[in-house]
Amino acid sequence: MTDKRDDLSLGDQKFLFDPDSWEPAEEAGTAEPIDLEIIATTYRSIVDQDAFEEMVASWRTKIDTLGPDKTLGRGISRQLFGQLTQARRTMETLDIPVENDPLKKAVTDVAGPAIVLSPNGRAAATNIAGERAFGVQEGAFLDPSVIAPSSAADYAALRRAAGGQGNAGHAILTIAPETGAEDTGGSFLAEAYLIQTHGQSEHYVAIRTLEVDWTERVADRLRQAFGLSAAEAEVARLFFQLRNLDQVAERRGVSRLTVRTQIKSIMAKAGAPTNVDLMRMLSMVANREVMEQRGEAPVWHDPLDRERRIRLDDGRVVAWTWMGAESGTPAVMLRGFPMTYILPAEAEERLRRAGVKLYALSRPGYGNSSLHQDLSARADNLAALRAFLDHEITGPCVGIGMSNGLVPLLEEQHANPDRFRALIAIGYTGVLDRSGIHRLQPIQQTMTRLAARAPWLVELMAKSGHRMMRHYGVDWYLERAYRTRPIDIRTCRDPNMVALIRNACAHLLKQGHGAFVRDLQLAVAEIDEVIEALTIPMLFLAPTEDGVFDVRRYRDLETRNPLIRVEPVPEAGELIFYQQSRLIVDRIIQAVQQNRIAPAD
């Protein structure tokens, strides 16, 4: 059956891989200095954001000194093994870390609707109340019609300032949700201001409700924190609610001059240099008193609002969305762990005009697709792909695999040669060039080298990293993953791209760290014979600036199977999907047109 809206809850995922089957070295011996460093950095990485890289570096040193990966078991003493399993138990007992991502904080530190937009108007973060009031999900564009006409000019000025044109920094907007929008209570006033994150030249636009209940506890807190008199606390309340000195004076039965004098006194005591700063401070205090109703961040769901799901006989769920032409010729895309998923709007429009319906399948553990713990990563991914194809696709089509998303496509084509007409591989994956694993970024390289032999160990590292991402936001990972790849770090610092990247990250981690670990296992899958036996054309779009590109190795791939063609893609790194989305869409359209079949029902 098809199930569109049944949600899976977001949780801090339990460990999937059991270390009990691991056999550490029998000899006790004296702990080596690198072992002590591994133990220390493992425990520190649970709470210290900088220790994660030190832990990875320690493991890289350990692996390099041991030689081939297959000797890893003999290099882990019982002492080291015992400390690592204790670290696992410690991590399992810890609470989920408090969110410290500046964009997430902007929407969770408020008790009502809130949203953060990229300069081009795409939602980078929102809370549940914000989804309802603004009618937008993370990763989608805000419909500007929800901004009341009286506020349209101020909103446009903020958008221009966010993109570096103009100096507007703050505005009070009237938000007018669509008629019938759920639980919005009609129009409301909202504060709008700019946010700039580390390393980014452009700004985000935050819009947060100012309609917050004012309780007596708020007045008490103002009196206690800033020494306001009872009269000043009442003036603060009226100013917050009415935002007009004349109306405050009328309500109080005093002159405007008296109210203005009292407001200046309040500003001095509260350290608020302007009326805008005072309004923001009052909003913050009022919000803190109703934080039991805090603006909770939503779990990931399809920003295109097109997701469909099937529930299999064993209860697991397979989910997908689509881009392009709804009744177009089908093509099927599987993403990998690079933080890319939904195409930019202009790229999707090209697919629509070309009559192509690009299905984007959520692989097991991604988004709302169930991960089957009792199946291997390869078997689980293949089963989910096969269930989707049997349910949705009526004939041979083009398959597109981003990074390790290529692996299940290759395996399904090998098992069912008539399933696909052509394949497209986008970006590096270890199954196409195993030597490239040693040219990966330090974090990916070390974890990939460990994935096949000690998945429980990689999972420990991944869970530690996931905790840091939960606390500091996706930028914490992106900075560490791409800091030596200039083209990728530039993409990560483009606010218009970050909205898409953040959504892709939430798609990967909605259920926790498990999908990431299993993707690393796919990267080292032993499928050489599948590649050599491939009987349909495959185009490999190979980014030249991902740090892995080796033209000689890739030409060897063409020699291994003449049906494989490598196209080097300049000015592209690991985030090629967003850096060269026009070229990628053109290649998808060409492949579909060359192998056009009847549209799916």
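The crossing of α16 and α17 is left-handed; keep in mind that this is a predicted model. Helix α16 covers residues 442-451 and helix α17 covers residues 455-472, and the two pack at an angle of about 150° with their axes 7 Å apart. Since angles over 145 degrees count as roughly antiparallel, that makes α16 roughly antiparallel to α17.

So who touches whom? On the α16 side you'll find T446, M447, L450 and A451, which meet P455, L457, V458, M461 and A462 of α17. Sorted by class, this contact has eight nonpolar residues, one polar and no charged ones.

Now for the rings. Searching the whole structure turns up 11 aromatic pairs. A pair of aromatic rings is described by the distance of the centres and the angle of the planes. Here are two of the pairs:

| Pair | Centre to centre | Angle between planes | Type |
|---|---|---|---|
| F337 and F516 | 5.4 Å | 45° | tilted |
| Y359 and F388 | 5.5 Å | 65° | edge-to-face |

F337 sits in the loop between β8 (329-334) and α13 (345-354), while F516 belongs to helix α21 (residues 514-523), so this pair ties together parts that are 179 residues apart in sequence. Both F337 and F516 are buried.

The other pair has Y359 in strand β9 (residues 356-362) and F388 in helix α14 (residues 377-392), so it ties together parts 29 residues apart in sequence. Y359 and F388 are both buried too. Ring pairs also bring in W320, linking it with Y359 and F388 into a cluster.

How values were computed. Residues numbered from 1 in each chain as written. Predicted model: local features only at pLDDT ≥ 70, side-chain atom pairs only at ≥ 80, totals over all residues. Heavy atoms only, no water. Axes fitted to C-alpha atoms, helices over the stretch in contact; angles between N-to-C directions. Helix = DSSP H or I, 4+ residues; strand = E, 2+ residues; numbered from the N terminus. Parallel < 35°, antiparallel > 145°, perpendicular 65-115°, else oblique. Left-handed = near helix turned anticlockwise from the far one by under 90°. Contact = heavy atoms within 4.5 Å. Nonpolar A, V, L, I, M, F, W, Y, C, P; charged D, E, K, R; others polar. Phe/Tyr/Trp six-rings, centres within 6.5 Å; stacked < 30°, edge-to-face > 60°. Buried < 20%, exposed > 50% of the residue type's maximum accessible area, 1.4 Å probe, protein only.
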